[in-house]
Amino acid sequence: MPHLFDPDYFRGKHVFIAGGTTGINQGIGHGFARMGANISTCSRKAENVEAAIAGFKSEGVDAIGATADVRDYEQVAYALKTAVQSLGPIDVLISGAAGNFVVPALGMSANAFKTVMDIDLQGTFNVFRAGHEHLNTDSPSGASCIAISAPQGLIPYGLQSHVCAAKAGVEMLAQCLAVEWGPLNVRVNTIVPGPIADTEGMRRLSTDEVRKKDAGMGLPIQRYGTKQEIADACIFLSSPAAAYITGISLPVDGGCLLMGAGRMQESLNAAFEASKQASNQAGS
Ligand code: COA
């Protein structure tokens, strides 16, 4: 498919993606790499980091990664510092690490709730706070920070109180940073992916059966999204075409949010039932 954007605009720019070694975030890395950007990333598992870096390099760009847990500020700061030493100041900073499991509030401990708050919300603060000093603010369209949010940040779902609280926090954090950092030539936005095919999120939040019989969960655009479509949204928000855009939450969701909790809630309920059955079977 022909691409809307100048194929050379991102050539040689530095894109750091926290959690960029799998799923949607890895897809974002490949999207930017195909535009010629150099990619750095961090995540918890060394083998994922190694594999992702090899993948980005296969696009013909430079790539570097570090093992870091976004919950640990010092680890994140170190990953950012080493990335900048290799690839220079950061033009695009993406916070994508997330954790989720499908469970009612009464089925989770205080530590379970805190775990997701720490990964999604504290992790996003850590990435943006530690990354700020490394941003390249010389470009006329400003440095671009993007948090990967979720429909849970905007509407309530049962079995997702931890994620809803964390992602709502991510939405508000991004808007506050947009206010504080706009004068410093830094734009801060969020992207809200709907159901995206071939991701850990979809494997966890839906069942095989639901996915097979119900392509696209009855969304207005009747299919699951692709990782490339999320990458394209990040590329747009980081391009000169979005130079006057900050503090927005951009759904890339096939109309998922228009439907309210609806079908996604049914899918979450089915995933929870399936996980209960699986653990009953494992216990019997
Ligand atoms: N139901 C209830 N509680 C759960 C749970 C579930 N399905 N899964 C984890 N928890 C609880 C644990 O019991 C623990 O609480 P406790 O100490 O009171 O027992 C707490 O959550 C932390 O779990 P733990 O596995 O020790 O944390 P972790 O830091 O190793 O991993 C996640 C947490 C969220 C990252 C993990 O669930 C995971 O690996 N998820 C896969 C990746 C993912 O979620 N990707 C995003 C898809 S959208």
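Axes are lines fitted to C-alpha atoms, for helices over the stretch in contact, and angles run from 0 to 180 degrees between N-to-C directions. This is a predicted model, in which local features need pLDDT of at least 70, side-chain atom pairs count only at pLDDT 80 or more, and totals for chains, interfaces and linings use all residues. Residues are numbered from 1 along each chain as its sequence is written, and side-chain values use heavy atoms, with hydrogens and water left out.

**View 1. Packing of helices α4 and α5.** Helix α4 covers residues 110–131 and helix α5 covers residues 161–181; helices (H or I, at least four residues) and strands (E, at least two) are DSSP runs, numbered from the N terminus. The axes of α4 and α5 lie 8 Å apart at an angle of about 15 degrees. The two helices are therefore roughly parallel to each other, a term for angles under 35 degrees.

**View 2. Residues in the contact of α4 with α5.** On the α4 side, the residues include F113, M117, L121 and F128. On the α5 side, H162, V170, L173 and W181 are among them. Contact means heavy atoms within 4.5 Å. The residues of this contact divide into 13 nonpolar, 4 polar and 3 charged; Ala, Val, Leu, Ile, Met, Phe, Trp, Tyr, Cys and Pro count as nonpolar, Asp, Glu, Lys and Arg as charged, and the others, Gly among them, as polar.

**View 3. The setting within the protein.** The protein has 9 helices and 7 strands. Its C-alpha trace spans about 55 × 40 × 40 Å along the principal axes. Of its 284 residues, 52% count as buried, that is, under 20% relative accessible area (1.4 Å probe, protein chains only).

How values were computed
Parallel < 35°, antiparallel > 145°, perpendicular 65-115°, else oblique. Buried < 20%, exposed > 50% of the residue type's maximum accessible area, 1.4 Å probe, protein only.
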